[in-house]
Amino acid sequence: MSHVVAGRELTGLFAGPSRLAAYVELARIRFWTTLTYRIDYLCGTGVLLLQIFLFRVVWSSVYADRAAVEGAGGVGSVGLSVQLAYVTLAALHFWVFNPGPSELARRVYEGKIAIDLARPAGVVQQAIAGQVGVTAAMLPFAALALLFATVVGGMAPPTSIGAFVGYVVAVCMAYVVTLLLSTLVGMMAFWILEVSGPMLIYRTVAQVMSGAIAPLWFMPDWLRQLAHVLPFQATTYTPVAIYLGKLTGEDLWLALATQGLWVLVLCVLLRLVWMRALRRVVIQGG
Amino acid sequence: MSSGSPSVAPAASRLAVPRLVRTVRLYFVLLGAALRAQAQYRANLFLLALGGIAYQGVGFCFLLIVVERFGSIGGWGFAEVAFLYALRLGAHGVWLCLFNQLIHIDQIVREAEYDRYLVRPLNPLVQLLTRGVSLSVLGDLIGGLGLLVAASILVDVDWSVVAIGYLVLAVVGGGLVEASVQLVFAALAFRLLSTDGIRYIGDDVFNIFAPYPLKIFPRVVQLCMTFVVPLAFVAYMPAATLLGRTGELAVPAEFAYAAPVLGGVLIIAAYRFWRYQTRFYTSSGS
């Protein structure tokens with residue numbers, strides 16, 4: 001129902017010189033439609049806090065009486081308070097960035113891709129704009145979660161001003177990588193329509209490899225090396241590790257460069273897959 | 001579980017057994033029909049089953065990472081933690097296999113699908129549970145049981161007939177504990193119409209906490225997990241019994257020995273609650 005209104009508003013906007021306004025408008029619409037499910041997101045916030053509480057209990061238990069434990073990959077020793085701050089922030093970041101099924105897959109599954117194709121704007125860009133709207137809608141819940149997470153989990157201020165600046169840059173790039181990845185997986189919908197299965201698998205791999213459930217520094221060597229060559233660590237581990245001062249100097253620049261590289265690679269990949277996907281469009285419903 | 005009123009007349013009690021047999025027989029007939037319907041979508045089915053395993057795999061990965069790095073959690077080594085996790089996953093698979101259609105309860109009540117169940121000569125709950133099958137739950141069941149067999153070989157337990165019998169009962173009993181909690185929440189749909197939120201939270205609470213040696217939690221939390229949300233009975237207590245670790249429980253060992261029975265008791269209580277709530281059903285029907 002909302003897209004009827006949206007369509008009317010959009011025609012005016014597309015006539016203008018910039019399509020950016022249209023994408024902003026699409027994001028805005030998706031922001032408000034997402035907020036209609038605020039009770040669900042509130043429940044999700046509660047579950048996230050329980051998850052963080054579990055992490056805190058488990059890590060505190062295995063640290064036992066030790067003040068710090070040596071981490072792998074050149075991060076030095078990791079104190080319990082830093083570890084708890086990591087798991088809290090990582091869980092929170094992953095939750096905000098991965099709110100559910102990919103927008104693109106949802107549009108294909110519901111047959112709304114037909115409308116998207118008819119609009120004088122990029123289909124992939126529209127889906128990404130929608131995804132940004134969803135994330136924006138989650139920010140108030142994230143703020144609420146953060147408030148309680150400092151109590152049930154742990155929290156630490158950024159180790160330095162440099163770390164904070166690095167974090168801000170890294171978190172923006174991390175979000176772009178996440179968007180590109182989930183859109184890429186969502187594009188599978190053009191081939192198999194129902195992508196809930198693949199989405200679950202993607203989410204699992206992403207959750208483990210991004211460092212959302214455990215930091216790379218405590219992973220077994222083979223898993224850590226695998227995580228390093230995959231794009232997922234750029235979505236969660238990188239910004240949080242920078243914030244906590246575990247990636248500094250040369251490592252920090254390398255991590256940021258890696259993120260940039262993934263943005264480029266995924267953009268190219270997305271473009272290639274999209275060109276093939278376009279030939280396979282099936283419109284569901286009527 | 002007979003469909004008629006619980007009359008005490010001798011004639012009725014003589015009828016109760018054949019009626020139960022008939023109900024069980026019809027349960028399988030209807031389930032077979034639902035299965036044949038679902039088998040039409042094979043590719044997605046396979047991917048969903050895989051997705052189900054992957055979803056449950058996140059928690060297992062976390063356990064593996066922690067145990068690999070720190071040797072144990074709360075004194076439970078790799079094999080024991082894996083066994084505990086598998087026991088819980090097997091129980092989860094049992095509940096899902098038997099009761100997965102409960103996830104549609106809101107829709108069934110709101111759209112008056114329940115009307116249909118009331119006019120047919122079979123227990124409405126049985127009709128509801130056989131209205132379809134979700135083969136993705138096979139992923140949980142197969143994954144859980146496969147892991148359970150592997151972990152059972154790894155742990156240091158003398159597998160006598162009694163021990164194996166206890167294990168089988170524990171898996172089924174654990175599944176029934178989860179099922180009874182979900183059945184109680186689902187029954188509220190007759191009054192509240194919307195139970196998705198609480199049912200998902202209930203599911204998540206079991207997913208998050210049940211596969212851990214609960215001794216790592218503060219004592220108050222342990223007691224809550226035993227008497228408020230009975231999740232300690234799902235896997236932790238039976239596993240502690242089989243592994244000879246009942247000394248660490250927050251409650252006397254007898255509770256743990258009796259864990260497999262609790263599921264049966266709770267499901268009967270939950271069913272009575274369900275029956276009571278069905279009285280408040282008002283058809284939205286047209």
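A crossing of two helices is left-handed if the near helix is turned anticlockwise from the far one by less than a right angle, and right-handed if clockwise. Helices (H or I, at least four residues) are DSSP runs numbered from the N terminus. The model is predicted, so that local features need pLDDT of at least 70 and side-chain atom pairs count only at pLDDT 80 or more, while totals for chains, interfaces and linings use all residues. Residues are numbered from 1 along each chain as its sequence is written, and chains are lettered from A and ligands numbered from 1 in the order in which they are written.

By this convention, the crossing of α3(B) and α8(B) is right-handed. The axes of α3(B) and helix α8 (residues 161–187) of chain B come within 7 Å and cross at roughly 55 degrees; axes are lines fitted to C-alpha atoms, for helices over the stretch in contact, and angles run from 0 to 180 degrees between N-to-C directions. This angle makes α3(B) oblique to α8(B), given that angles under 35 degrees count as roughly parallel, over 145 as roughly antiparallel, 65 to 115 as roughly perpendicular and the rest as oblique. Residues of α3(B) that meet α8(B) include B:Arg88, B:Trp95 and B:Phe99, and the residues they face in α8(B) include B:Val172, B:Glu178 and B:Gln182. Two residues are in contact if their C-beta atoms, placed from the backbone, lie within 7 Å. The residues of this contact divide into 10 nonpolar, 5 polar and 2 charged, where Ala, Val, Leu, Ile, Met, Phe, Trp, Tyr, Cys and Pro count as nonpolar, Asp, Glu, Lys and Arg as charged, and the others, Gly among them, as polar.

Helix α3(B) also packs against helix α7 (residues 137–154) of chain B, at an angle of about 150 degrees and with the axes 7 Å apart. The two helices are therefore roughly antiparallel, and α3(B) passes α7(B) in a left-handed crossing. Among the residues that α3(B) brings to this contact are B:Phe83, B:His92 and B:Cys97, and α7(B) contributes residues including B:Asp140, B:Leu147 and B:Ser152. The contact of α3(B) with α7(B) comprises 15 nonpolar, 6 polar and 1 charged residues.

In chain A, the axes of helix α2 (residues 20–35) and helix α7 (residues 123–152) come within 7 Å and cross at roughly 45 degrees. Helices α2(A) and α7(A) are therefore oblique to each other, and their crossing is right-handed. Residues of α2(A) including A:Tyr23, A:Arg28 and A:Phe31 meet residues of α7(A) including A:Gln125, A:Val132 and A:Ala136. This contact of α2(A) with α7(A) divides into 11 nonpolar, 5 polar and 2 charged residues.

The contact between the chains takes 27 residues from chain A and 28 residues from chain B. On the side of chain A that touches chain B, α3 (38–63) and α10 (196–209) of chain A each supply at least two residues. Helix α3(A) gives the most to that side, with 12 residues. The residues of the side of chain A that touches chain B comprise 18 nonpolar, 7 polar and 2 charged.

The largest nonpolar core has 158 residues, of which A:Ala91, A:Ile242, B:Leu84, B:Ala86 and B:Leu87 touch the most other members. A nonpolar core is a set of buried Ala, Val, Leu, Ile, Met, Phe, Trp, Tyr and Cys residues joined through C-beta atoms within 7 Å. A residue is buried if 20 or more other C-beta atoms lie within 10 Å of its own, exposed if 12 or fewer, and partly exposed in between, with C-beta atoms placed from the backbone. Helix α3 (residues 78–99) of chain B gives the most to this core, with 13 residues. Apart from neighbours within four places in sequence, B:Leu84 contacts B:Trp76, B:Pro211, B:Pro213, B:Ala235, B:Tyr236 and B:Ala239.

In helix α12 (residues 237–243) of chain A, A:Val240 is buried, with 28 other C-beta atoms within 10 Å. A:Val240 touches A:Tyr86, A:Leu89, A:Ala90 and A:His93, not counting residues up to four places away in sequence. By contrast, B:Arg272 in helix α14 (residues 259–278) of chain B is exposed, with 12 other C-beta atoms within 10 Å.

Two loop residues of chain B have positive phi values. B:Ala112, in the loop between α4 (105–110) and α5 (114–119) of chain B, has a positive phi of about 60 degrees although it is not a glycine. B:Ala112 counts as partly exposed, with 15 C-beta neighbours inside 10 Å. B:Leu193, in the loop between α9 (189–192) and α10 (196–209) of chain B, has a positive phi near 70 degrees. B:Leu193 is likewise partly exposed, with 13 C-beta neighbours inside 10 Å.
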